[in-house]
Amino acid sequence: MVLVEQSLNGLQFGLLLFLLAAGLTLVFGIMDFVNLAHGSLYMMGAYFAATFTAWTGSFILGVLLALGATLLLGIVLEFVALRHLYGRDHLDQVLATFGLILFFNDAVRLIWGPAGLALPLPAWLTVPVQIIPGVYYPAYRLSIIIVALAVAALLYVVVMRTRIGMLIRAGASNREMIGALGINIKLLFTLVFGLGAALAGLAGLMQAPILTVQIGMGENILILAFVIIVIGGIGSIRGAFLAAIFVGMIDTLGRAFLPDLLRTVLSSAAASTAAPALSSMLIYLLMAIVLVVRPEGLFPAAKR
Amino acid sequence: MKLQINTSNVVVALVAAGLVVLPLYSQLTGNIFILTLFTRIIIFALAAASLNLIMGYGGMMSFGHAAYLGIGGYAVGILAFEGIGSGFIQWPVALVASALYALVIGALSLRTRGVYFIMITLAFAQMAYYIASGMSRYGGDDGLTIYKRSNFGGLIDLSNRVQFYYLCLGCLFGGIYLIWRIINSRFGLVVQGIRSNEQRMQAIGYHANRYRLVCFVISGTICGLAGALLANNTDFISPAGMYWTRSGELMVMVVFGGMGSLFGPVIGTIFFLLLEELLSQFTEYWALIMGPLLLLIVLFARGGIMGLLGRFNRG
């Protein structure tokens, strides 16, 4: 029972991580751009959703508006600041987007105040659903899984089966070439960045009702997204997907079951001190192991 | 190395002299605030200088240097908490712990390059942060108050503001002298060679990663010393002090001052922390200005302050 529930929790967390990591790896793969402010877009998605839901009184409407707003914010951000950083050192990009994080955190504090917001769910999403006889699971978490899977499938179709996707893949393997072929590469970059922003926003607003909407909420999860990209292989969406599920599962199951597991070997007191530290270390240990075995990640994108 | 008289060297000499006479000014004017502020600045300058060793000269963009500040600090804090107050034990433990952490993290992270390296050092530092938060015996998230500063017998009294200031300044100058010796040694030249062309150095027969790793460990150890100083300065150590934004700030200090210039990180740290102090007196939302400013500096002022000063000489 608990195992099924926790596995679903892990899956749900992993899928959220995937939405974040997909945008990050897409932007990195195509534009060779490291965007630390990706976590800020995740945060903005959540704040937008909380605000718009309160304004409109409808969860669905609020979420749709928030998605649009995050997309727009991403495009503006790319247009105003980030496009000047393509082709610069990764260090420059890291520092500039670090500056953006500082900016966004304080901007949010100024506009929404230092206290967190809550994004209340409509009644129809709070009922537990019976998934297999005797096992109930919150409808909202279930809907996160469904939405994220649908978005992942859509992303796959767009990237693998459409003309835009073809250009995106071509851009990832050789930027100059598709520019020379007459493709408006600037527009493509802006589009991809907006898409990545919207994905991050989606992840943020879906996570919002489970946790609170607060400043800095995007930072810890951004680092997890980095871990996923390192494990999955930079620029690989498939790698990001598998690594995200893997990390989500290990993190959730580790936190749920490690204390009990440790208690069977250690004394109860020692276990309860060691377990929290150990379970938060698990994914980093996983990353270390992957690095030792395959430094380029489990599913590296084609070599450039 | 011949000393030249040019704008940047004059500025460096003036800043160094200013740092030396600062306690005198503070005594004369009774301005204690400036002394505590600059003690903090000097400690961070040491950390930034250690980061500059691997970033500027080694080409390793570590986004996890705050971890060493935490490790050095926790070594002092934990030993003090367990009743071992002697600095002769605390400080070597701080250095050795930082060096060991750097050895393990470095050996793993150096299997990768570029962005990967940035992400991985960041992730491992975050792991260290979580471990510190999980140490419930030592305060966990809330941190640990250090009731007694490190005790160095009758040698030096760390509770005396001026003595502590000069200790920090001595550590900073010592650290910079050490880094200067390193980068001009055979070892340092090899490391810089690897930064410019790894393949070629490998082909001449240098084991690139071993040199990198040693450099990485030296940098981490120096930063661990800064951590021990910082813990003594604040009389407090908490996981928040090793949060990843701290690592980012250290990188900013290095880049503000001028990466790969010996004294640049000191200038950059003074600039960054004074600006932060100034802005936060002016508005609570200082990062609202600092963030975009950082973006602008990255976009338009490459080479940092030392780079700008260098331009005067040529132009």
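In chain B of this predicted model, residues 24 or more positions apart make up 76% of the contacts with a separation of 6 or more. Chain B holds 13 helices and two strands. Its radius of gyration is 19 Å, close to the 20 Å that the globule rule gives for 315 residues, so chain B is as compact as a globular protein of that length.

**Chain B in outline**
- Of its 315 residues, 51% count as buried.
- Along the principal axes, the C-alpha atoms of chain B fill a box of roughly 55 × 45 × 40 Å.

**Where chain A meets chain B**
- Chain A gives 36 residues to the contact, and chain B gives 35 residues.
- On the chain A side, α4 (90-112), α9 (217-232) and α11 (268-293) each supply at least two residues.
- The largest share of that side comes from α4(A), with 16 residues.
- By class, the side of chain A that touches chain B has 27 nonpolar, six polar and three charged residues.

**A helix pair across the two chains**
- Helix α11(A) packs against helix α5 (residues 114-134) of chain B.
- Their axes lie 8 Å apart, at an angle of about 160°.
- An angle over 145 degrees counts as roughly antiparallel, so α11(A) is roughly antiparallel to α5(B).
- The crossing of these helices, α11(A) and α5(B), is left-handed.
- From α11(A), the contact uses Pro276(A), Ala277(A), Ser280(A), Met281(A), Tyr284(A), Met287(A) and Leu291(A).
- From α5(B), the partners include Ile120(B), Ala123(B), Phe124(B) and Met127(B).
- Tyr130(B), Ile131(B) and Gly134(B) of α5(B) also take part.
- The contact of α11(A) with α5(B) has 12 nonpolar residues, two polar residues and no charged ones.

**A helix pair inside chain A**
- Helix α1 (residues 2-31) and helix α8 (residues 185-207) of chain A cross at roughly 165°.
- The axes of α1(A) and α8(A) come within 8 Å.
- These two helices, α1(A) and α8(A), are therefore roughly antiparallel to each other.
- The crossing of α1(A) and α8(A) is left-handed.
- Residues of α1(A) in this contact include Leu16(A), Leu19(A), Leu20(A), Gly23(A), Val27(A) and Ile30(A).
- Among those they meet in α8(A) are Phe189(A), Val192(A), Phe193(A), Gly196(A), Leu199(A) and Gln207(A).
- The contact of α1(A) with α8(A) divides into 19 nonpolar, three polar and no charged residues.

Notes
Residues numbered from 1 in each chain as written. Chains lettered and ligands numbered in written order. Predicted model: local features only at pLDDT ≥ 70, side-chain atom pairs only at ≥ 80, totals over all residues. Contact = placed C-beta atoms within 7 Å. Helix = DSSP H or I, 4+ residues; strand = E, 2+ residues; numbered from the N terminus. Nonpolar A, V, L, I, M, F, W, Y, C, P; charged D, E, K, R; others polar. Axes fitted to C-alpha atoms, helices over the stretch in contact; angles between N-to-C directions. Parallel < 35°, antiparallel > 145°, perpendicular 65-115°, else oblique. Left-handed = near helix turned anticlockwise from the far one by under 90°. Rg over C-alpha atoms; globule rule 2.2 N^0.38 Å. Buried ≥ 20, exposed ≤ 12 C-beta atoms within 10 Å, placed from the backbone.
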